[in-house]
Amino acid sequence: MAPARTAGAAVVATVFVSLALSYFICDRRTKSPSNNTQSPSSNKKSSNKKKKGLVDAIGNTPLIRINSLSDATGCEILGKCEFLNPGGSVKDRVAVKIIEEALSSGQLCPGGIVTEGSAGSTAISLATVAPAYGCKCHVVIPDDAAIEKSQIIEALGATVERVRPVSITHKDHFVNIAKRRASEANEFASKHRRKSHLTGGNIEPVNGYRSDGESQNSVFPIDCQGGFFADQFENLANFRAHYEGTGPEIWEQTNGNLDAFVAAAGTGGTLAGVSSFLQEKNPNIKCFLVDPPGSGLFNKVTRGVMYTKQEAEGRRLKNPFDTITEGIGINRITKNFMMAKLDGAFQGSDMEAVEMARFLLKNDGLFLGSSSAMNCVGAVRLAQAIGPGHTIVTILCDSGMRHLSKFYNPQYLSQLGLTPKAHGLEFLG
Ligand SMILES: Cc1ncc(COP(=O)(O)O)c(C=O)c1O
C-alpha cells in the first residue's frame, strides 16, 4: 500500500505543479501590457495557431533603407513599409486590435457595427477588417478629407457620413457623431430584439420590404447586433497594437541596433506604442515627434504647454489644422499620446512635406502619403541633429495613391503656393 500511496501522491503532486505552472504562465500573459489578444505579428510566429485569413496578412511589414536620405545624411534611415498592409496603412494593425479586444470583452458581437470618426485611414482599415470578424462598419468623416478616402470606404461596404469639420467640443464633431451612432445602434438592436420577441420573430417582408418602418429609415441593417465605438484616439488597444506589433518588429528587424525613432502623431498610438516598447528594450534609444503646422504637440513636448488660450481647440470655430498633411497633428492630448516616451520634437512645414514626397519619388521610387513625407522630414532633421553614423527608424504610413486629389494635385498645391521646386534636400536647410 505504501508504494501505491507514494505513487499516487507523486501523480497528484505532478498534476498540481503543472496546473500551478500553467496558471502562472497564463497569469503572466494576461498581466503583461499586451492584454490577452495576440498581435498580428505574434500570430504569424506560432505555426500551430489557427490561420486567420486576411488578418494574418497584417503586420510584419518590411523595414527598408531609404537610400537617398541615408546617403545624404550619413545615417542609416530606415522606413517601416506600413503602406504594404492589406488595407493600405499602419491603421490595419489598430483596426484588428480594437475589434479583437472588443469581441473578447463582449462589447462587440459578430453582426455588430463598429463606428468610427476618422479622417480616413483608420476608417479604411476598419472597413477592410470588420467583415473578417462578421461585423459591419459605419464611418463619420470630415468633408475636407480627400474624396478618394470616402469612395474607398463605401466601396469596401461600409456606410459613410461626410460632415463639416467643427471643434471637438461641438456635439457634431465627426468623432462625437460616431460615438452617438454606436449608442443608436445599440438602442436599435435592443428595440428590434424586443419587437421580434413580441412578434415571435415574424416581421414579414412585403414586396422586398419589412413592415418595420423604423428599420428601413435607419443607417443600420435590420439584423444589426448593436454598435461599438472604436474610439481610436482614447482606446488604448491602439497603443497596444504598436506596443505588441510595430515596436517588436522594428526591434527584431534591426537586431536591436537602432539609435532613434521619429514619427508624427494623430492619435499618438504609433509614437506611444513604438517608443514605449523600444525604450523598455533599451533606454538609450531616443524617440522624437515631428509635428505639422497647426498642431499643438510640438509646444507640449518642448515647452509643456499645448497652446495659448486663444488657440485652444475648444475655442476654435473652424477646422483647427492649418496643414495639408492628413491624419497627423492635433490640439488635445489623447490617452494614447500620453503613453509616449519622448526625448524631443521637431516641426515640419507643408512645403517641406511636399518637397520630401517629390524627392523620395524621384530618387527612391517611393510614392508616399503626406504623413510619411512628414515623418521623413523628421528623420532628416533628427539625422542633422545627432550627426552621421546613427540608425534612425521612421514609419511609412500609407501610399501616395490615397492623396491624388490634394497632396499630389499640382493645381491644388499651386493655389496654396506649395508647388515643389527643389532639386535636392536644400529645402531642409
Ligand atoms: C495616414 C496616417 N498617417 C499617420 C497617422 C498618425 O498615426 P497615429 O494615429 O498612430 O498617431 C494617421 C492617423 O490617423 C494616418 O491616418
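This is a predicted model: local features need pLDDT of at least 70, side-chain atom pairs count only at pLDDT 80 or more; totals for chains, interfaces and linings use all residues.
Local features were considered at pLDDT of at least 70 and side-chain atom pairs only at pLDDT 80 or more, while totals for chains, interfaces and linings use all residues. Residues are numbered from 1 along each chain as its sequence is written.

The largest nonpolar core has 107 residues. Such a core is a set of buried Ala, Val, Leu, Ile, Met, Phe, Trp, Tyr and Cys residues joined through C-beta atoms within 7 Å. Buried means that 20 or more other C-beta atoms lie within 10 Å of the residue's own; 12 or fewer means exposed, and values in between mean partly exposed, with C-beta atoms placed from the backbone. Ile99, Val114, Ala127, Phe288 and Leu289 have the most contacts inside this core. Helix α14 (residues 370-386) gives the most to it, with 8 residues. Helices (H or I, at least four residues) and strands (E, at least two) are DSSP runs, numbered from the N terminus. At least three core residues come from each of domain 1 (57-84 + 245-428) and domain 2 (108-202 + 214-229); these bounds come from an automatic or database domain assignment.

Contacts (C-beta atoms, placed from the backbone, within 7 Å) were listed for Val114. Not counting residues up to four places away in sequence, Val114 touches Ile99, Leu108, Leu126, Ala130, Cys135, Cys137, Phe228 and Ala230.

Ile99 also takes part in the packing of α4 on α5. The axes of α4 (residues 91-105) and α5 (residues 121-129) come within 8 Å and cross at roughly 55°. Axes are lines fitted to C-alpha atoms, for helices over the stretch in contact, and angles run from 0 to 180 degrees between N-to-C directions. The pair is therefore oblique, as angles under 35 degrees count as roughly parallel, over 145 as roughly antiparallel, 65 to 115 as roughly perpendicular and the rest as oblique. Lys91, Asp92, Val94, Ala95, Val96 and Ile99 in α4 meet Ser121, Thr122, Ser125, Leu126, Thr128 and Val129 in α5.

Ile77 is found in strand β2 (residues 76-81). Ile77 counts as buried because it has 26 C-beta neighbours inside 10 Å. Its C-alpha atom is separated by 5.9 Å from that of Val393, 316 residues apart along the chain.

Asn60 lies in the loop between α2 (40-45) and β1 (63-65). With 19 other C-beta atoms within 10 Å, Asn60 is partly exposed. Asp231 lies in the loop between β8 (227-229) and α9 (237-253). Asp231 is buried, with 22 such atoms within 10 Å.

Definitions and conventions: Two residues are in contact if their C-beta atoms, placed from the backbone, lie within 7 Å.
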